[in-house]
Amino acid sequence: MENDKKYSDMNEHELRTEIGRLMEKARKAEQMGMINEFAVYQRKALMAKSYMIDPATIVPGEIYRIEGDEGVFFHVDYLKGRFAWGYRLGGTRAEEALPIAMLQSVKTGL
């Protein structure tokens, strides 16, 4: 895969291939005890996944579960690119941005 090609320029097949490549690198980094490198590859894969999601499926004003953070919910105020800006419920209401691939609908069947 071209390393200089932006995720926004990739088609679904290229994104899936890139995600697989990044997850394999993350696995190897974890096995070698390189935790920081592992985290970087995981985050890059998450960003690539965000480009496979239609931003229109994330609705400002709605609440979503945060993937990988059980029991924590996120209120979306607005979207900017592939990031949802808002705050975690039950916290200090500090504004933060999460890649849209981290958000899961709390509504059943979605």
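Let's start with the largest nonpolar core in this predicted model. It has 12 residues in all: Leu46, Ile58, Tyr64, Ile66, Phe74, Val76, Ala84, Leu98, Ile100, Ala101, Met102 and Leu103. Two strands each supply at least two residues of this core, namely E1, covering 63-66, and E2, covering 73-80. And there is another core lying apart from it, with 10 residues, including Ile19, Tyr41, Ala45 and Met47.

Which residues does Tyr64 contact, once its neighbours within four places in sequence are set aside? The list runs Thr57, Ile58, Val59, then Val72, Phe73, Phe74 and Val76, and finally Leu103, Gln104, Ser105 and Val106.

Next, please turn to helix H2, residues 35-50, where you'll find Lys44. With neighbours within four places left aside, Lys44 is in contact with Tyr7 and Leu22. There is also Ile19, which is 25 residues from Lys44 along the chain, with 8.1 Å between the two C-alpha atoms.

Tyr7 brings me to the aromatic rings. Just to set the terms, a pair of aromatic rings is described by the distance of the centres and the angle of the planes. The count here comes to two aromatic pairs. One is Tyr7 with Tyr51: the centres are 6.1 Å apart and the planes stand at 55°, so we call that pair tilted. What does this pair tie together? Tyr7 sits in the segment before helix H1 (12-31), while Tyr51 is in the loop between H2 and E1, so the pair links parts that are 44 residues apart in sequence. As for accessibility, Tyr7 is at 19%, and because buried means under 20%, Tyr7 counts as buried. Tyr51, at 27%, is partly exposed.

Now for Tyr78 and Trp85. Their ring centres lie 6.0 Å apart and their planes meet at 5°, so this pair is stacked. Tyr78 has a relative accessible area of 35%, which makes Tyr78 partly exposed. Trp85 is partly exposed as well, at 26% relative accessibility.

Where does the charged end of Arg93 sit? You'll find it over the ring of Tyr87, 4.0 Å from the ring centre.

Terms used
Residues are numbered from 1 along each chain as its sequence is written. This is a predicted model: local features need pLDDT of at least 70, side-chain atom pairs count only at pLDDT 80 or more; totals for chains, interfaces and linings use all residues. Side-chain values use heavy atoms; hydrogens and water are left out. A nonpolar core is a set of buried Ala, Val, Leu, Ile, Met, Phe, Trp, Tyr and Cys residues joined through side-chain atoms within 4.5 Å. Buried means under 20% relative accessible area, exposed over 50%, partly exposed in between (1.4 Å probe, protein chains only). Helices (H or I, at least four residues) and strands (E, at least two) are DSSP runs, numbered from the N terminus. Contact means heavy atoms within 4.5 Å. Rings of Phe, Tyr and Trp (its six-membered ring) pair if their centres lie within 6.5 Å; planes under 30 degrees apart count as stacked, over 60 as edge-to-face and the rest as tilted. A charge sits over a ring if NZ of Lys or CZ of Arg is within 6 Å of the ring centre and within 35 degrees of the ring normal.
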